[in-house]
Amino acid sequence: AGAPGGGPGGGHSGAMPIQYSEKYYDDTHEYRHVVLPQDIAKLVPKGRLLSEPEWRSLGVQQSRGWVHYAIHRPEPHIMLFRRPLNYQQNQQAHAQSIPVQ
């Protein structure tokens with residue numbers, strides 16, 4: 001086995017993993033950024049935000065509610081995501097109290 005993070009030939013078929021940041025917060029949202037390896041980044045459509053099915057199709061894996069909300073133009077391989085604070089708790093409460101329409 002090659003050294004961790006080694007070049008081609010080391011690790012699993014030379015592919016770098018997608019990297020996920022820790023979450024960070026403000027008064028209304030939680031945020032994270034996802035760093036795509038170059039071979040995946042080149043598949044991202046230029047100059048627009050991706051829908052959830054689109055970013056999932058690239059291999060990004062996160063729980064529900066995350067929205068690709070901004071493009072960091074100097075580093076387009078870094079995807080910026082956010083979702084409302086307490087999204088998961090609110091979804092569970094909503095699902096229990098209101099029938100799906």
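Student: Why is Gln62 called buried in this predicted model?

Tutor: Gln62 has a relative accessibility of 8%, and because buried means under 20% relative accessible area, Gln62 counts as buried. Gln62 is found in the loop between α2 (52–57) and β4 (67–71).

Student: Which residues touch the most other members of the largest nonpolar core?

Tutor: Among the 13 residues of that core, they are Val34, Leu36, Trp55, Val60, Met79 and Phe81. The elements that give two or more residues to this core are α1 (38–41) and β5 (78–84). As for Leu36, its contacts, apart from neighbours within four places in sequence, are Ile18, Ala41, Val44, Val60, His77 and Met79.

Student: What is the make-up of the lining of the largest pocket?

Tutor: The lining residues divide into eight nonpolar, four polar and four charged. The pocket, with a volume of about 210 Å³, is lined by 16 residues, of which Val44, Pro45, Lys46, Pro76 and His77 lie nearest its centre. Two or more lining residues come from each of α1, β4 and β5, and β4 gives the most, with three residues.

Technical notes
Residues are numbered from 1 along each chain as its sequence is written. This is a predicted model: local features need pLDDT of at least 70, side-chain atom pairs count only at pLDDT 80 or more; totals for chains, interfaces and linings use all residues. Side-chain values use heavy atoms; hydrogens and water are left out. A nonpolar core is a set of buried Ala, Val, Leu, Ile, Met, Phe, Trp, Tyr and Cys residues joined through side-chain atoms within 4.5 Å. Buried means under 20% relative accessible area, exposed over 50%, partly exposed in between (1.4 Å probe, protein chains only). Helices (H or I, at least four residues) and strands (E, at least two) are DSSP runs, numbered from the N terminus. Contact means heavy atoms within 4.5 Å. On a 1 Å grid over the protein atoms alone, a cavity is a set of points where a 1.4 Å probe fits but cannot get out, and a pocket is an open set with protein on both sides within 12 Å along at least five of seven lines; lining residues have an atom within 4 Å of a point. Grid points are joined across faces, edges and corners, and a volume is the space filled by probe spheres set on the points. Ala, Val, Leu, Ile, Met, Phe, Trp, Tyr, Cys and Pro count as nonpolar, Asp, Glu, Lys and Arg as charged, and the others, Gly among them, as polar.
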